[in-house]
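My entries follow in the order I made them.

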Amino acid sequence: MARIDMLVKLFMGFVYVNVILGYVESSYSGVTGYHDAIRRMALVKAAHIIRNGASQPQSYSTPLVVSKSRVLHVTDYGADPTGRLDSTEALEQAISDAFGSPVDAHLMEGIADLGGTEMHLDGGTYKISRPLRLPKTSGGNFMIHGGSLHASNNFPMDRHLIELWPSSASSSYEYITLKDLMINSNFRGGGISIINSLRTIIDNCYISHFTTNGILIQDGHETYIRNSFIGQHINIGGDHREKDFSGIGINIMGNDNAVTDVVIFSASIGVMVSGQANVLTGVHCYNKATALGGTGIYVKAPGLTQTRIMNCYFDFTGIVAEDPVQLHITGSFFLGNAFVLIKSLAGVVCGVNIVDNMFSGDYTGVEIVQLEQSNVPFTNIDQVIVDRNNVRGMVLKSTVARGSVWSNGTTWTVDFSRVLLFPNLIKNVQYTLHAGATFPNHVLRNISKNCVTVESNVPVSATLHVSVDQSMVGYI
């Protein structure tokens, strides 16, 4: 009887182990090697029971705690990783489940913390026929990553493949990460739309074949785009279709965003900035040459710009800024006659620094900084500094200049009109008349048309050294 009792307990032990394995399999499907390790542990436990007897009393028991993973694999939802079948509903269900299991915490008021939930694309390519729009319920601390999305042939022409688009005017999403994604818009709409969202990260993404925007940022706060490649047509320059490139690589219509280490290789406009307090660093634009009507970075925030462009590479395409107020361009390389164009809408240009850049051209007389005043001339000019740029094969323009001239007579004139940026504007002059042993009286007579004239009371052989400044910065 004792032998039968021991065999029954041994059998029940095996049943218990198999139930546990089945439950763990359903919770951790797809984890390589995990099932084998669990089975080996079960065999060890069974051997221990056989050696030591199934009826041995236990001094204590430890309940098994199984936690459901927060990594949602879209293939478990029936998504087709080959891209042949439409996976829209499967991906939508995965997103819905992610937002349906918040943890007992929150981010900004009213935004639930999803606990770091991930929607994993498992390295597949998924065809979708409508945008993947986050649910109306708020949420944050969520990531979509690890695969490719491809718009179907009936995808809406005016939408984006991934949309963070709250149903109300308030922010519903915070700390959403889109990472390691290949997004193909199939020339039907755009790639990613971030509307009124907080602290969004787009990292290591490749976005192509859009017709509107590769990435759209509207309102919200602190979207960070980094280490990504964006282009309407896939190429490495010299594309025969370049004159027909359209769309905008990154369209920033909000404040406090950052673009870092991004390549935009085809679009009509590389980056459009129409908000304030944005920073662009390490951006390489060869989206569409200026000669073909393209613009690398278009700063469309007249009257209050507050934009920093640093350490960027403008490859045959340049910068356009409308009535800029507080604009900083520095440490950048302009190749192929690329230049900075300051465009007048209301005649305002204030607080602009264009300093410490490199310009390279083909010796055809293209100026490194140009003014477009066909609408109205610039009349409100204050604290504009264009200086310390080095130039090869282009025409240097500056707001600071130095020059010398020798003459034997009573007047000396230094003409700065070829180098000074603004016509007929000199506000600060410093000069020295070097006349050797002679001590004539001399005076500054004229600064009109960007020419400085000094006159002495007696004829003398002397050299005039002059420094001028258009920046209109007050010196005390």
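Predicted model: local features only at pLDDT ≥ 70, side-chain atom pairs only at ≥ 80, totals over all residues.

Residues are numbered from 1 along each chain as its sequence is written, and side-chain values use heavy atoms, with hydrogens and water left out.

Glu163 forms a salt bridge with Arg159, and their closest N and O atoms are 2.7 Å apart. I count a salt bridge when a side-chain nitrogen of Lys or Arg is within 4 Å of a carboxyl oxygen of Asp or Glu. Arg159 is partly exposed, with a relative accessible area of 21%.

I then followed Glu163 to its bridge partner in S8, which is Ser193. Helices (H or I, at least four residues) and strands (E, at least two) are DSSP runs, numbered from the N terminus. Strands S6 (residues 160-164) and S8 run parallel and are joined by 4 bridges; two strands pair if DSSP finds at least two bridges between them. S8 also runs parallel to strand S10 (residues 213-231), again with 4 bridges. In that pairing I found Ile192 opposite Ile215 of S10.

Why is strand S8 largely enclosed by the rest of the structure? I checked its residues, 190-195, and 6 of the 6 are buried, so the strand is largely enclosed.

**Other salt bridges**

I get a count of 10 salt bridges. In one of them Arg199 meets Glu174 at 2.6 Å, N to O. Arg199 lies in strand S9 and Glu174 in strand S7, so this pair ties together parts that are 25 residues apart in sequence. Through shared partners, salt bridges join Glu174, Arg199 and Glu222 into one network.

I also noted the salt bridge of Asp244 with Lys243, at 3.3 Å between the closest N and O atoms. Lys243 is exposed, with a relative accessible area of 51%.

Asn184 is in strand S7 (residues 173-184) and is buried at 16% relative accessible area. Among the residues I found it touching are Leu149, Ser208 and His209, not counting residues up to four places away in sequence; contact means heavy atoms within 4.5 Å.

His209 is not a glycine, yet has a positive phi of about 60°. I placed His209 in the loop between strand S9 (198-208) and S10, and it is buried at 17%. Asn227, also not a glycine, has a positive phi of about 50°. Asn227 is in strand S10 and is partly exposed at 37%.

**Cores and cysteines**

The largest nonpolar core has 85 residues, and Leu91 and Ile250 have the most contacts inside it. A nonpolar core is a set of buried Ala, Val, Leu, Ile, Met, Phe, Trp, Tyr and Cys residues joined through side-chain atoms within 4.5 Å. Helix H3 (residues 88-99) gives the most to this core, with 6 residues.

I searched the whole structure for disulfides (cysteine sulfur atoms within 2.5 Å) and found 0. Cys285 is in no disulfide, and its nearest cysteine sulfur, that of Cys312, is 6.9 Å away. Cys285 is buried at 0% relative accessible area.

Technical notes:
Buried < 20%, exposed > 50% of the residue type's maximum accessible area, 1.4 Å probe, protein only.
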